[in-house]
Amino acid sequence: MTDTATTAQPSDPELHPKGVVSHQTSTGISNEKLAMWLFLGSDCLLFGSLISTYLLLRHRSVTGPGPEDVFDIPFTSVSSFVLLFSSLTMAMAVGAIHRGEERRCRTFLVTTAMLGALFIAGQVYEFTSFVKEGLGYTTNIFGSAFYTLTGFHGVHVSVGIVFLLGLVIMSLRGNLGPERAETVEIFGLYWHFVDIVWILIFTVVYLIP
Amino acid sequence: MSVQTEPRGAAGPAEHDHEAHQKAHPTDRDYIVIAVVLGIITLLEVGTYFIEDASTTFLVATLFPLMIAKFAAVCGWFMHLRYDNPIFRRVFVFGLVLAIVVFVATLTSMEFWSDVYPRGM
Amino acid sequence: MAIVESPTTPLELSPGAARVRRPLGGFTRPTATTGWKSWLFTVDHKKIGIMYGAASLFFFLIGGIEAVLIRLQLAAPGQKLYSADLYNQLFTMHGVTMIFLVIMPMGAAFMNYLIPLQIGARDVAFPRLNAFSFWCFLAGGIMLNTSWFLGGGPDGGWFAYAPNTGVTFSPGHGMDFYAVGLQIVGLASLVAAVNLITTVLNMRAPGMTMMKVPVFTWMSLVTQMLLLFSLPVISVALFLLTFDRLWDANFFNVAAGADPLLWEHLFWIFGHPEVYIIILPAFGIASEIIPVFSRKPIFGYPFMVFSGIAIAFMGFGVWAHHMFASGMGPLSMAAFSLSTMFIAVPTGVKILNWMATMWGGKLRFTTPMLFAIGLVTMFTIGGLSGVTHSIAPSDTQQTDTYYIVAHFHYVIFGGAFLGFLGAFYFWWPKAFGYMLDEKLGKWHFWLTLIGFNLTFGPMHILGLQGMPRRMHTYVEGYGFEFWNLVSTIGVFIIAVAMLVFAWNILRSWRAHRANPVDVGPDPWDGRSLEWSVPSPTPAHNFDEIPTVSHLDEFWHRKYQEDEAGKVVRVATGEEVAQKGDGTGVHLPSPSYWPLVLAVGLLLIGYGVIFNLGLAAAGAVVLVLAGFGWGYEPADDPEAHHGPEADGEEPSADGDGAERVPVGVTAGSPESDEKASSDD
């Protein structure tokens, strides 16, 4: 792009052919990527509030089962592995698209989505078995706090899966080429964030009673 | 006359940040290695579950470093924070540290720690 | 809008022309450039800013009526104008409306309008997201106020302490409207924060380092950072309250083991940064207005910047000073008392710097300057009472009395609102191309100042004498009668003042219509870049993005120092300013989706309260709008490129990358060369 004071408009938003993120910015980083990191920084506060609320309330139930009565650590650790692995496949998807390997990227995106869905399935199974054991959403304060925290995380994962499917459809229509690599990368940031929140939850909720 | 942009706070020159392809960039193999390491750490974490009568202090002392290591690994490599413009790291770490400080203060105010370590234990 | 319309309507493909592939979004984009549709689907930050300003003034009317009703009730002891329950709704909605629907959007109005102009950009980073923020805010505001007609307004105070606001003690839908409506309004601000932070960091003109950014934009950046990190916390609190109320969760069910302090902590972790969110943009405005009308640069620019950052930072460490009477425990009391005392320091720095700016300056007491000085003085009073609150033992007497009501009205009304009123007068010519009448403006100012002090000054006394807050009436014989009456008279003076303001706007607009006078780009002899473009601002902002080498860049192009070091004028504003006739500028295209997405949220909001089927429908709209938005290109490839040079036919083909660079005539050899080289 020719750079002259009269032509270059470095402050122009989204001034590029469809999909190309090559406008100049004051910092040299793309708007979309900065926006995603800002959002993730903000999401830390969201999960911080939920996790602290959970920690405060989990042992204050007056009735009903407590964490030690219902948690199945071996089962949940499988879920953890699933999500961890999905982060790997997500990273591989980003790597693939940077190299222009659209098909490979698509495969990894699909795999990530399926692993995410497997994680959600595991959560659903876990929740239903807890309910069978007497821990409903309204049973006690532990139940409310636990389901809300893990529920918010689960919603984040589910929204991620929807986005992944959207990306896969774009890829199938030929709209997710290497010029769009940053879109995949930015979504990857969100997905990894969801994974690291789970890293926190797994330790603090499940492993440290 | 070429456009002068002065990047704010960036350590390097004001080149387009094409996602740090110029410098070291994790390869697929690197990602797999990191994932394996994360898997091993997770196994260790799960292992603590099987330790009988583990005290909270012990669990915190072992699990927190492991958790932080996993957190840092995913952020640093999978999310590319190690290789990207420092702005991202600053924004994210700011949110993280703020959340930790504010909520530790809140829990302290609500006497959470005495719940965790009640008198006599 | 200043887009020149070519003879053929360039936004429609002529009949029989090759049909470009239908956009993935499913609908062709809106294309109107005038009329109500151009406002409904706009993504232009200036139009959005104006809409925020208009909406905030409309909600001010509603909140003001609520205030008048409150003051009527309290004018004399033992009155029974309304039930205690209705009174609770009145003061709750007055607070909610004034904070979330008036003072915050008023700040947003100026931030939206001015930030791109002050940094030399053409728009914000994400124009459609910007539009969404506005419509989302409006949806939330409408929803909150329909509570009056749908079972009664929220009645738990603007701070909504649970478990008092749970279903047991607040049956009826009022608090549901609060929880859901505020959630929606909060989302608007969160999204805007991401947008504006990205804008300020990434879209500054060449040469504009962070330490050359105008103070207003700096304060706005800090405000957005506060929003970014504080909103999620109230969002969680509102979710917990919603879950308790709608689905019987136990978060605030004390019998089930809940701690009522949880709500207070979560709320105030947001609530305290919130007050800095309210005041910092106004501080920024004062830092723009005072230098212009003192003909001096702001005193201690780095200190102004860093004190703003310090206020924000420390603002996250003082929240529990709102909880001094909650039984927190002595350690918390001492810690938060101390941190609150410290936070007065950076604010004091600002006050001193404004005074130092005026000292020795060539002062012009225009209406904006009067309001700015009003901000400084009234905020100082409010800040001083704030310092008295920071001392926990004395706060224990003050809390829940009218002394606190006095404090926050002095800082919010006397501080932020006076500042924003000054901003209306200051930037009105830039936005609309004509000045507001100065004489009426001065009447407006003095009536406001007098009315405001009459209304809220006596509340210091009433509070220290023991009159409690949030009580629908008071008993004779405590000596509260006189000052309450004075206060009520004061509120009517404020109302008259605001009528003067409305009259000023109407009259000035009519005078301009009858006899348009070009007010020029720089009616005040301003300092920052927004004064370097014509008034009203052209749609494309700058013909040519300026290259910046100084703070107060525009000022430095007009004035320089001679050999003796004296400041002399080298050019007038008109000479230096851009002409507004830039051609071939690519503007972000309007879009339906922000509005549709906001409507989806509104449906979900009502649905969650009344009918889950409606919520499901809203969710469907949301998801569809999300996909529509995602698949819609950021800029319409078929869009017109703004005014073309020399009557050249606009290109109607589908290649969005091809554009005529500004400053180069379309059809010339250079433009062909540039058009063919890709980004």
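Buried area is the accessible area, taken with a 1.4 Å probe, that two parts lose on being put together, summed over both. This is a predicted model, in which local features need pLDDT of at least 70, side-chain atom pairs count only at pLDDT 80 or more, and totals for chains, interfaces and linings use all residues. Residues are numbered from 1 along each chain as its sequence is written, and chains are lettered from A in the order in which they are written.

First stop: select chain B and chain C. About 1600 Å² is buried between chain B and chain C, and carbon and sulfur atoms give 76% of that area. Here 15 residues of chain B are in contact (heavy atoms within 4.5 Å) with 20 residues of chain C. Between these two chains there are 0 salt bridges (a side-chain nitrogen of Lys or Arg within 4 Å of a carboxyl oxygen of Asp or Glu).

Helices are DSSP runs (H or I, at least four residues), numbered from the N terminus. Among the contacting residues are Leu38(A) and Phe39(A) of α1(A) and Val194(C) and Ile197(C) of α5(C).

The contact includes Phe110(C) of α3(C) and Phe216(C) of α6(C).

Terms used. Side-chain values use heavy atoms; hydrogens and water are left out. Helices (H or I, at least four residues) and strands (E, at least two) are DSSP runs, numbered from the N terminus.
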